[in-house]
Amino acid sequence: MAREIAKREILRLGALHDGQWYWYQIDRALSNRSPGCIGPFFTEIQELAAEGLIEIRRSHALAGGERYWLTEAGRAAMAK
């Protein structure tokens, strides 16, 4: 259950900061907010990407880093 909560929160943050945040910012925003919700959330991010809800893109501004964008499916999931 904690994983599903984390995924929903990652989508929420993605909607607020579309393409601006990377894993560390997500980790800091979510870690310890809910019981059992401890980062770094790599698994949850990969699952969201595999489900087609977010897109992971390399950031030229962040050496070796990736940033996350919501897809249309991700936006639709957030609208529910």
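This is a predicted model: local features need pLDDT of at least 70, side-chain atom pairs count only at pLDDT 80 or more; totals for chains, interfaces and linings use all residues.
Student: Which residues of helix α3 are buried?
Tutor: E44, I45 and L48 are buried in α3, which spans residues 42–50. Down the axis of α3 they fall within an arc of 100°, so they line one face of the helix.

Student: What covers them?
Tutor: The cover on the buried residues of α3 includes α1, α2, β1 and β2.

Student: What does E44 pair with?
Tutor: E44 forms a salt bridge with R3. Their closest N and O atoms are 3.8 Å apart. The pair links distant parts of the chain, with E44 in α3 and R3 in α1, 41 residues apart.

Student: Is R3 buried or partly exposed?
Tutor: R3 is partly exposed, at 39% relative accessible area. E44 is buried, at 11%.

Student: Which residues are in the network of salt bridges?
Tutor: R3, E4, K7, E44, E47 and E51 are linked in it. One of its pairs is K7 with E4, at 3.7 Å between the closest N and O atoms. K7 and E4 are three residues apart in α1, so about one helical turn separates them.

Student: How many salt bridges are there?
Tutor: The count comes to nine. Among them is R75 with D18, at 3.1 Å. R75 lies in α4 and D18 in the loop between α1 and α2, so the pair ties together parts 57 residues apart in sequence.

Student: What classes of residue line the cavity?
Tutor: Its lining has eight nonpolar, two polar and no charged residues. W21, Y68 and W69 are among the lining residues.

Conventions. Residues are numbered from 1 along each chain as its sequence is written. Side-chain values use heavy atoms; hydrogens and water are left out. On a 1 Å grid over the protein atoms alone, a cavity is a set of points where a 1.4 Å probe fits but cannot get out, and a pocket is an open set with protein on both sides within 12 Å along at least five of seven lines; lining residues have an atom within 4 Å of a point. Ala, Val, Leu, Ile, Met, Phe, Trp, Tyr, Cys and Pro count as nonpolar, Asp, Glu, Lys and Arg as charged, and the others, Gly among them, as polar. Buried means under 20% relative accessible area, exposed over 50%, partly exposed in between (1.4 Å probe, protein chains only). Helices (H or I, at least four residues) and strands (E, at least two) are DSSP runs, numbered from the N terminus. The arc is that of the directions from the helix axis to the C-beta atoms. Contact means heavy atoms within 4.5 Å. A salt bridge is a side-chain nitrogen of Lys or Arg within 4 Å of a carboxyl oxygen of Asp or Glu.
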